[in-house]
Structures are given as structure tokens and as C-alpha cells.
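Hello,

Here is the structure we talked about handing over. My notes on it follow below.

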Amino acid sequence: MPITCRSCGAVGDHITVKCPFHRRREAHSSPEAPNAGELDVSILRFNRHPAALHDAILKSEFAQKARAQGIEIQPSWANGAKVFVLLLAASMPADVGLRADHVVVATVDMPHIEEILMSLPYRQRPRVKDSLTLTVETYCVERTFVHRAEPKMFTPRSDYACSMKDKSSGHVNPRVHAWPGCEWASDADDGSSSTAAKSRKNLQEFMEELKYCQKRRDLPGAIQCYSNMLRDDVQPDIRVFSILIDICAKLGACEHAEHWVQQMMQKGVSMSEITFNCMINAYATVGNSAKAAEWLASMVELGMTPSLVTYNCVIRACTISGDVLRATQWFEKVGEMHSHNLFSYAPFLSHFGREGLPQEAEEWFAKAQVAGVECGRSMFGHVITAYANTRDLSGARRWCDKLLAKEGGHLQADEYTQLLMACAPSPKHSCQGDGRAAAEVFREQIREGVPPNHFNVEALAKTLGAVSAERLCKELGVDAAALHQECQAMRDELGRSTWKAWQMDDDGSFRRYRYGD
């Protein structure tokens, strides 16, 4: 079945005709399916698409494994559907119109979707309205690397993946004719190396590119930069590998992070305290406290002294996994060697905020203040979230007032989202919701000149219902559809389903935190 590449328009069987950003490899095309080629796929349509299902799917271990294998779970052509196999739009039957309430998954992976559904409370659990099973052609996509194969990471050379130097007789190299915009495009046809020589970069220039990728958490871009370094015979040092591992850590791609540790060791670069901290942070991101502790033990075995940053990452791993007791033990242990800082207390407040435990959140907030820790907007936000998750609007309001008394100015969109959530119904807390209060909060946000975002509108809809929320948005001049599109674009770019305003710089990249400053 001919397939058209969506990036360049090339047509071929399983994309054997490659654009600069695609190439063929023998690999699996779903998190569990063993082979590429033809694959039995199930298309599920749910009777509704609550935010709880959206978050549960995208935050699941199954989704993390899919992302680690290069699967774009919400491709632009799928109209919001979650796709857990590597497909092109052309592979789907013309009469199947995907929407946000669809999930496309390999039939062998169906138990994972069932497990995600069962993790939701009964009242939030949607039903499968329709299902369709069909056999489609799959492929695997990754960025094109122009140097040489790397074990377990890059595709071995093939007739469609050869370097510019492979100009043997009888072999048609697709890179002989470079694509528009590539570094050697102007000289590729005549075989000249002058442009390549002019564009050769040094280590410092590559480091600037890597740091840019690090701020945007762009792992494919960072890998491509590393590939270009090897192409130009620039030897990567500890800083290069630390950035690659750090990006994997922030994405929760633990297996990829360990791969880069192996690459580093193979090239004779010894691990430093920073690389150990990055590995511990990788497992902290996914809440694997046992592996985080293992890496800390390995660090000690090599004669290194763990810093406050190291212990803070382990504490964070424990709180994300829900093991507050073990986190407290690590907190007390680090107190014997270091003075606690903001990032020692923040994991506890974040946990209590997620779990809706405002009293505990207030206690740890008070502990931080007694210790002389400067509690900023994010720390106040955790307590506000705790009250919002218990549907206590008055408590959330009280802490918003405390925040304004300290920081001044106005509330931000994130705080208004939590106030709106405090008005939403919650069977867990026997709360029916307060639509009038939610509407007043949203009107206040507009009066104060705080631009609403998709999360504000989403929280408003949970209380008022989609129709009433849309009506109120139109009344106040808020384009909810445009906000949704903007949010989806950010999700696609950042690779995350949610984020806070204080996590982002003005240029749209993530702020860097060292957990020890």
C-alpha cells in the first residue's frame, strides 16, 4: 500500500522513499508489538472524554514507554486521538474519522488500556462506545543521522541511510542530492566539501545548541546535535553527556538516560556528581524511589559525597511515589549533613497538594518558614492546590490573599484555575459544586486583566458544564477554541500535558532549577 510522507510528500512502500527527517529501520511499531510491517490495530471510541481519562492515558507508564520509543501519541493528523502505534494518516481507512475520544492501540496492547481505565474512579470511567479492529501497515520514524551507527540507539546503514561519502559505483545515495536548507545543500551536487568545512563547528558552538535543546527539553534535537559532533570529529565531554542525560531525566526517559551513561563510559568519560544527580532525577521524575536510591548508593561506592542536590532528588522520588515516610527519613538524614533549602521542602508540599491534604501542606509550609526558607509563589501554589482538591474555596481564597500580601500584584492564571477547581463537583468529598461561585471567579479574572488559558476554561467547564461554560466565555469575549488550539500546540512542542506559568520563561522554554541553590 503506497504511503505519502507528510513531511516532504515522497511516496513509497513503508516510506522506502525518505525525506530528510525519515528513514526506515527494522524495529517495533508499538510499545509491545514485536515487529514492524502489518499490525492488528484496535480503534476504540469512548462514550465521553473526561480530562481524567486524558491525563491518565498520557501520564501512564504505557505512554512513557511509547514516547521513549519515538511514538508521537497525539499526532496532528489524529485530531486529538491517542495513537499508540506508528502510523501515517494514509494508513487509516478513509471512513475512520478520528477524534479526541478515540484511542488507537495495537490489539496486543489492549490490556494496558484496560488497566488505565480501571485506575480511574468508577464515576469518571468512560465506556467503550464503539471498537474496530483492522490490519494496517506500520513504520518507524526517527531523525536522520549522518555519521555512523551507534549500538542500540541509531539505525544501521541501509540502502536508504548512508553517509555523504558513500558514493560507490552502482549505488544511488539519496543524500547525494541534499534537501533544501541542509548544511551542505549548495555544494552537495558537485561533491564539494567547502561548505562542510565552513560549517564545521567547535565544541563550544555545539554546547550552545545543546543548551538550547536542554531548555526546550528537545531530546531528538539534542541527539541530532550529538550526531553532528561525531560527524565533525568533535569529541563529546562530560558536559555533553550530562545535558543529554538531564533532558532524558526531565522527560522521565530512564532507559534512554542509562543508554547515554553507557555511551559515556564507552568513550572513556567518567561519571561526575552532576551525571549521578541527573540519573537520580530521572527516576525521581517517574517516582521510582528504589532505583533513585540505588544510583545514590553507586555514587557513594565510587567515593563521591552526595550533595544536597542529590538528596533532594531522592526525597522527590519518594514523595512522587507516595512514600512520605521514607521521604521524611531522607529529609532527616540530609538535615544531619546539610541545611535544608526550598527544594527539600517543595516535594512534600507538592505531594500534599496533589493528594488534597491542606493541613499537612500548611505544616510543611510553616516548617520551611521557620527554617528561614524563602517561600515563593510555587510554595503558596501547593497549599492553594491542596485546598482546591478538597473543594474548599474559602481556604484556597485565604491562601491566595496571603500570596498577594507577600508578592503583590494580581493572581495568575494558575491560581484562578485552582479557585475554579475548588468550585467543581467532587463525589469523593460529597461536593455538588458551586456554579455561581465559579462564574464569579472567572468574571473576576477577566476584570483583573489576567488572560485566561485552556486550563481555566477546562476547570470552568467542570463546574458549569461545557455548554454553560462556552456561553459565559462568549459573553466575556473569550475564544475558548483558540485557547484549546494554543494549549494543544504547547503540548505537542513541550511533550507535556500540563505545566505551570512559573515553570516557563518568556521565550516559552522551561526554567532551569538546580535543586540545591
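N47 sits in the loop between β3 (38–46) and α1 (51–58); helices (H or I, at least four residues) and strands (E, at least two) are DSSP runs, numbered from the N terminus. This is a predicted model, where local features need pLDDT of at least 70 and side-chain atom pairs pLDDT 80 or more, while totals for chains, interfaces and linings use all residues. Residues count from 1 along each chain as its sequence is written, and side-chain values use heavy atoms, without hydrogens or water.

N47 is partly exposed, at 32% relative accessibility. Here buried means under 20% relative accessible area, exposed over 50%, and partly exposed in between (1.4 Å probe, protein chains only). Beyond its neighbours within four places in sequence, N47 is in contact (heavy atoms within 4.5 Å) with P126, R127 and K129. The N47 side chain reaches the backbone nitrogen of R127 at 2.8 Å.

The whole structure has 17 salt bridges (a side-chain nitrogen of Lys or Arg within 4 Å of a carboxyl oxygen of Asp or Glu). Some of them:

- E209 pairs with K201 at 2.0 Å, N to O. E209 is partly exposed at 27%, K201 at 25%.
- K250 pairs with D246 at 2.7 Å. Both lie in helix α7 (residues 238–251), four residues apart. D246 is buried, at 8%.
- E415 pairs with R377 at 3.3 Å, N to O. E415 is in helix α17 (residues 413–422) and R377 in helix α15 (residues 377–389), so the pair ties together parts 38 residues apart in sequence.
- R45, R99 and D101 form a salt-bridge network.

Best regards

Methods. A polar contact is a pair of N or O atoms within 3.5 Å; within protein, one must be able to donate a hydrogen and the other to accept it, and residues adjacent in sequence count only if both atoms are side-chain atoms.
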